[in-house]
Amino acid sequence: MSEVCDALVIGAGPAGSAMAILLAAAGWRVSLVEQHAFPRRKVCGECIAAGNLELLDRLGVGQEFHAIAGPELRQVGWLNAATTLVADMPACAAGPYAFGRALGREILDALLLRRAREVGVSVWQPLQVRSVAGTIGAYRVEVVGRGQPTRQLETRILVDAHGSWERGPKITGEEYGARVPNRAGDLFAFKANFLRAAIRPGFLPVLALRGAYGGMVLGEFGRATLACCIRRDTLAACRAAEPQATAGAAVEAYLRRECSGVGQMLAGAEREGAWLSVGPLRPGVRLSARGAAFRVGNAAGESHPLIGEGISMALQSAAVLAPLLAARPAAAFDATWAADVHRRYAAAWRGAFVPRLRLAAIYAHLAMRPPLARAAGGLLRRWPGLLMTAARFAGKTRRAQISYLKPPEPA
Ligand SMILES: Cc1cc2nc3c(=O)[nH]c(=O)nc-3n(C[C@H](O)[C@H](O)[C@H](O)COP(=O)(O)OP(=O)(O)OC[C@H]3O[C@@H](n4cnc5c(N)ncnc54)[C@H](O)[C@@H]3O)c2cc1C
């Protein structure tokens, strides 16, 4: 069986669904392939910075987001060993929304995917893109699913939004770097949800621990999310200390032990669902100005999760790329035009996101090294305003550039 489309998007995370919605709104025939059935939980801190909420409105999911998401994030904190420091979250001065909010990824991703269907995107789920052959204007995409016949889809343009925590499909013409050897400093990410956690509504504490960092927040319906990244060597030590426990439970015990603030917030809490984990993470830029596929979201590049900007980068990278692609009809897309879009997108992407990636790397290393984290705590105690400044630099007051996007209409 074969189906032909203008653009095929691999992966229905925030980047892929946003991309599919925007291209469909521009009149393109879009297919979106997602390997998992929804709703599905995902490792993520689930905070969405204020500057993106207008973009969610434009994508057509704002109303539901505002009805369900957790309280506005109006305070930021630094939790380190026995230290808890709190400061006001700086408001996003431009645009209609001043503060970010948190929403479970099983809800956010399902809302965006439903919207994609509404605007006419052809959704293939749960099916996995296994390989892609061909070239711009005529790709052949092999799609597989458990117990289902292999399908061939055909597309003029390919958008890779498969994230970064799983091996992506093999795409002819793409450059693949050498396999990176395991290192003690590799990061593994964990997330769990809790009911009845004693976390103040609207408080977003950053957890700084020896060999790990994380965050906690109250999302929809009073449900808390605890997410963290932990070094490979620290994780091994946690597991050795709790040999009977699962990896998630060992990490939870470590967080409670190392950071009294976490212990207090979880004292009367009950975990909802299992701990999830992914890794190793590979923060960095994966964008290629000459690749076959256009990459958005984590597939293009990933910042250390400490600053909680991955969903912003996923949505915003789609919002940058979609108008560049849609500036000419899909049928007129040739290799020369593709190369030009690749160049302009790469320049815009680097300008928008590389400073955030660099800053996140600095914050992450500072948080995971106790002498540095203690020194940072000392400075923050003396000048609490520095915490606001750090949040501002991390992007919490930045408004997504969306003036060039047309709001999508239902099909
Ligand atoms: C611990 C932690 C905490 C975080 N906290 C925050 C936070 O608070 N705020 C924030 O903004 N960001 C946060 N992030 C980052 C954020 O989760 C990611 O940046 C974001 O999920 C990237 O979105 P994406 O759409 O690029 O990829 P993903 O969300 O990873 O989506 C990719 C999709 O592609 C699908 N897929 C993969 N391969 C295939 C295939 N071959 N065929 C079909 N489908 C495929 C996957 O199933 C998946 O649904 C955090 C990350 C971590 C690790």
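Biologist: How are H1 and H4 oriented relative to each other, roughly parallel or roughly perpendicular?

Modeller: In this predicted model, helix H1 (residues 14-25) packs with helix H4 (residues 105-118), their axes being 9 Å apart. The angle between them is about 20°. Angles under 35 degrees count as roughly parallel, so the arrangement of H1 and H4 is roughly parallel.

Biologist: Which residues in H1 meet H4?

Modeller: On the H4 side, the contact involves Arg 105, Asp 109, Leu 112, Leu 113, Arg 115 and Ala 116. The residues of this contact divide into five nonpolar, one polar and three charged. The H1 residues are Pro 14, Ser 17 and Ile 21.

Biologist: What distance separates the polar side-chain atom of Arg 105 from an oxygen atom of the ligand?

Modeller: The ligand is surrounded by 40 residues, and Arg 105 is among the closest. Arg 105 also belongs to the H4 side of the contact with H1. Its polar side-chain atom lies from a ligand oxygen atom at 2.7 Å.

Biologist: Which residue has a polar backbone atom 3.2 Å from a nitrogen atom of the ligand?

Modeller: A backbone N or O atom of Glu 46 lies 3.3 Å from an oxygen atom of the ligand. For the ligand nitrogen atom, the residue is Gly 310.

Biologist: Are H8 and H9 roughly parallel or roughly antiparallel?

Modeller: Helix H8 (residues 310-326) and helix H9 (residues 335-368) have axes 10 Å apart, and their crossing is right-handed. Their angle is about 155°. Angles over 145 degrees count as roughly antiparallel, and therefore H8 and H9 are roughly antiparallel.

How values were computed. Residues are numbered from 1 along each chain as its sequence is written. This is a predicted model: local features need pLDDT of at least 70, side-chain atom pairs count only at pLDDT 80 or more; totals for chains, interfaces and linings use all residues. Side-chain values use heavy atoms; hydrogens and water are left out. Axes are lines fitted to C-alpha atoms, for helices over the stretch in contact, and angles run from 0 to 180 degrees between N-to-C directions. Helices (H or I, at least four residues) and strands (E, at least two) are DSSP runs, numbered from the N terminus. Angles under 35 degrees count as roughly parallel, over 145 as roughly antiparallel, 65 to 115 as roughly perpendicular and the rest as oblique. Contact means heavy atoms within 4.5 Å. Ala, Val, Leu, Ile, Met, Phe, Trp, Tyr, Cys and Pro count as nonpolar, Asp, Glu, Lys and Arg as charged, and the others, Gly among them, as polar. A residue is near a molecule or strand if one of its heavy atoms lies within 4 Å of it. A polar contact is a pair of N or O atoms within 3.5 Å; within protein, one must be able to donate a hydrogen and the other to accept it, and residues adjacent in sequence count only if both atoms are side-chain atoms. A crossing is left-handed if the near helix is turned anticlockwise from the far one by less than a right angle, and right-handed if clockwise.
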